[in-house]
Amino acid sequence: MTVAQAVVEYLSKQYTVDSVGGVEYRERLIPGTFGIFGHGNVAGVGQALKQYQQQDPALMPYYQGRNEQAQVHQAVGYARHTRRRQTYAISTSIGPGSSNLLTGAALATTNRLPVLLLPSDTFATRAADPVLQQLEQPYAYDLTVNDAFRPLSKFFDRVNRPEQLFSAFHHGLRVLTDPAETGAVTISLPQDVQAEAFDVPAEFLAEREWRIRRPDADDEDIARAAAAIRAAKRPLIIAGGGVLYAYANDELAKLAELTGIPVGNTQAGVGVLPWDHKFSLGAIGSTGTTAANAIAAEADLIIGIGTRYEDFTTASRTAFQNPDVRFVNINVAPIDAYKHGTHLPIVADARKALVKLNAALGGYRVGADLEQKIASEKKRWNATVDEAFDTRFTPLPAQNEIIGATNRAMDARDVVICAAGSLPGDLHKMWRVRDPFGYHVEYAYSCMGYEIPGGLGVKRAVIAEAASTTAAGASGDQVRDVVVMVGDGSYLMMHTELVTAVAERIKLIVVLIQNHGYASIGSLSESLGSQRFGTQYRALDEEQHSFDEGETLPVDLALNAESLGVKVIRIEPGEKVIAELEQAIRDAKAAPENSGPILIHVESDPLLDAPSSESWWDVPVSQVSELDSTKQAFQTYVDHKSRQRKLLG
């Protein structure tokens with residue numbers, strides 16, 4: 001076999017095995033391969049995929065994409081929805097084909113989500129040297145573009161000889177399926193090695209199972225954590241994505257209901273509890289609810305579960321103002337369990353740790369005063385969101401109204417997708433989630449352009465989910481609808497995967513909000529005294545060389561989507577825009593599953609902000625300036641900075 005043929009057949013035989021609450025799962029780790037072909041991989045991986053397509057189409061299905069970075073985003077979206085049990089492999093050519101993966105690799109690793117990258121490389125033999133698209137450095141001639149993956153990947157290897165294939169993929173998949181270490185796994189395949197033939201041991205091509213490790217919590221650690229909780233007067237749980245990956249939702253709900261401890265959630269943790277659960281405070285931190293942030297400010301014990309404590313979560317270390325606050329951190333990854341100098345790290349699977357913690361906390365309950373404050377703060381925030389959703393601005397609506405309309409029109413099991421701009425923060429604080437799988441916002445890397453390809457990856461996962469349920473003899477619930485919410489700035493970054501959805505007739509619903517610029521950074525710029533510089537889509541004013549005051553660009557993004565073969569519904573500005581938007585989403589949901597993508601185009605007023613989180617995010621302001629706006633912003637910055645803590649724990 002050639003090296004490429006061996007790689008493809010090997011990947012087709014890899015399975016993840018998992019056990020959650022006594023239920024066993026066995027699924028293909030790599031259900032398919034993406035690829036854009038060039039001279040680096042067309043005769044290697046491309047030939048292998050074509051050969052197996054003719055011999056056995058189910059062995060390794062091939063999927064097209066329009067951009068290598070977007071293919072990684074699809075794989076990440078798929079991996080997130082399958083709770084890291086499955087992902088895709090991506091094959092690229094050398095040079096720009098490979099380097100286009102770099103942003104996707106960083107996104108996957110930052111989000112702790114698995115993806116297998118197979119970038120091609122220059123000749124291992126150097127028989128033809130230098131080749132087209134080869135990077136040459138005079139100080140290191142063995143350096144290639146693919147070395148840029150090293151700091152972005154959780155595992156990197158280069159197969160310069162066929163025999164290296166065995167250890168490269170064995171260790172690569174070890175990392176890929178490790179919940180504490182997972183991220184981008186990059187195995188570089190020189191173009192000549194891909195096509196080289198060698199004798200492949202039968203055992204390499206045999207089926208292999210990779211059991212997802214779910215380490216149990218140490219009894220002594222649980223005892224110390226339980227003692228700390230019993231001694232606390234105002235404890236608070238911060239739940240992150242690790243709760244969802246560990247399928248720990250039920251145990252978390254049990255803990256909250258048993259003890260009365262309230263729960264705030266990170267971006268990745270939205271869905272750990274339904275929005276209207278008695279002890280759910282919703283989002284926490286810079287993009288959080290006033291309810292969660294009010295409780296956090298007074299908390300004397302923070303119980304972090306499956307969170308990596310991003311600066312948005314801690315409000316740049318200003319969220320916790322109790323001078324005696326301490327931390328119990330439960331996380332499968334040691335790097336996260338030990339953050340902020342905690343004295344009580346528990347390195348364990350979230351579900352297994354919560355099972356033990358619930359057993360250890362029998363009889364404990366928070367004071368009635370805290371429960372009363374939870375109820376009053378939830379009531380205050382819910383009223384704030386109701387007002388934001390229900391206030392009608394004309395002829396252009398606020399983004400708040402659009403979010404409310406979308407939320408109302410979607411079913412409980414549907415999934416909302418977002419990644420960058422003002423939408424993620426607004427969704428985090430206001431989206432009323434009803435299902436653990438119902439919210440998917442990529443906010444670890446917050447990558448503009450993720451939305452459409454990431455949403456497409458999620459849609460692939462929900463289609464497979466529905467097919468698996470039906471095949472298993474269950475009733476087969478209707479396929480979840482996936483609704484991408486994206487601003488015009490992110491849309492313009494990477495909308496081309498809509499063509500992929502057209503080609504495969506995948507029903508992806510896209511709500512495109514046109515506000516003629518970068519709303520999020522515009523608002524941030526204004527708050528920092530930079531007057532929305534460079535954040536509006538306007539014609540160039542040549543005298544000032546400015547894009548801030550010119551005419552609005554005559555760009556028709558709805559027409560752009562139509563030109564790609566997408567069905568488009570235009571919502572015109574006016575008094576009925578919100579009612580028409582809700583109906584458009586319901587109409588899109590009613591379309592057949594194989595009808596292809598549907599884009600709903602709606603305009604908004606970018607100057608109408610979401611309700612305040614009564615929180616802060618540390619973005620430095622110029623200490624000296626000739627602009628009065630910057631001087632004023634710096635004084636505000638100094639005031640906030642005075643509340644920042646150097647170390648928590």
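## E614 and its loop

E614 sits in the loop between β21 (598–603) and α23 (628–641). Helices (H or I, at least four residues) and strands (E, at least two) are DSSP runs, numbered from the N terminus. The model is predicted: local features need pLDDT of at least 70, side-chain atom pairs count only at pLDDT 80 or more, and totals for chains, interfaces and linings use all residues. Residues are numbered from 1 along each chain as its sequence is written, and side-chain values use heavy atoms, with hydrogens and water left out.

The phi angle of E614 is positive, near 55°, and this residue is not a glycine. With a relative accessibility of 52%, E614 counts as exposed (over 50% relative accessible area; buried is under 20%, partly exposed in between; 1.4 Å probe, protein chains only).

E614, by contrast, is classed as exposed at 52%.

D129 and P130 are joined by a cis peptide bond, with omega about 0°. P130 belongs to the loop between β6 (115–121) and β7 (155–158).

Another cis peptide bond links T394 to P395, again with omega about 0°. P395 falls in the loop that runs between α14 (368–390) and α15 (399–409).
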